[in-house]
Amino acid sequence: MALEFTTSYLQDSLSLFRYYKNLTERAMAQVREEQLLAVLDPEMNSIAVLVKHMAGNMRSRWTGFLTSDGEKPDRDRDSEFLDPPQTREALMELWEQGWERLFSALGPLSDDDLKRTVLIRGEAHSVMQAINRQLAHYVYHCGQIVLLAKHFQSEKWQSLSVPRGKSGSFNQRVAAGEASQR
């Protein structure tokens, strides 16, 4: 599908969030269940821990997005890095809950809302700044998940974007409106 041209910041932000959610889901679908919990070394996070952290962050940031501080008093961030769900099903349920909060918070916003002020840890952000902050944060962790999945799959990895050696044919498909980076 071709990129949908827009000058709407909100529409483009939602499109990017959806793109990276889907990309990450396609990466996670390639790994075995036990690989969701695997770490490369003691200082690394597993895919499951990263998902748990992202879901905790999403719950905190997007619940009452316009009306309450994005760092909720009941959030225990440190616990997000311990004891992740042990099954793919439980992990994906947590993942979906986080994204549902994000899309429910951003979906109803209008361009006028971008100028409003929201707080994150007591610091004032425009709505646009808060969205940019979270987009960058989630893409960072999505990239970590993709890297881990690609590492675990090695030669069995199925490319999520433009496979090596296929740039020319991909560019032709983009020019024909048959493909897009998103």
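Me: Is histidine 125 buried or exposed in this model?
Reply: Happy to look! This is a predicted model, where local features need pLDDT of at least 70, side-chain atom pairs count only at pLDDT 80 or more, and totals for chains, interfaces and linings use all residues. Residues are numbered from 1 along each chain as its sequence is written, and side-chain values use heavy atoms, leaving out hydrogens and water. Buried means under 20% relative accessible area, exposed over 50%, and partly exposed in between (1.4 Å probe, protein chains only). Histidine 125 has a relative accessible area of 10%, so the answer is buried.

Me: Which residue has its backbone oxygen 2.9 Å from a polar atom of the histidine 125 side chain?
Reply: Histidine 125 is found in strand S2, residues 123-126 (strands are DSSP runs of E, at least two residues, and helices runs of H or I, at least four, numbered from the N terminus). The backbone oxygen at that distance belongs to glutamate 123.

Me: What is the N to O distance in the salt bridge of arginine 61 and glutamate 71?
Reply: A salt bridge is a side-chain nitrogen of Lys or Arg within 4 Å of a carboxyl oxygen of Asp or Glu. Arginine 61 counts as buried at 4% relative accessibility, and glutamate 71 does too at 19%. Their side chains meet at 2.6 Å.

Conventions
Polar contact = N/O pair within 3.5 Å; in protein donor to acceptor, adjacent residues only side chain to side chain.
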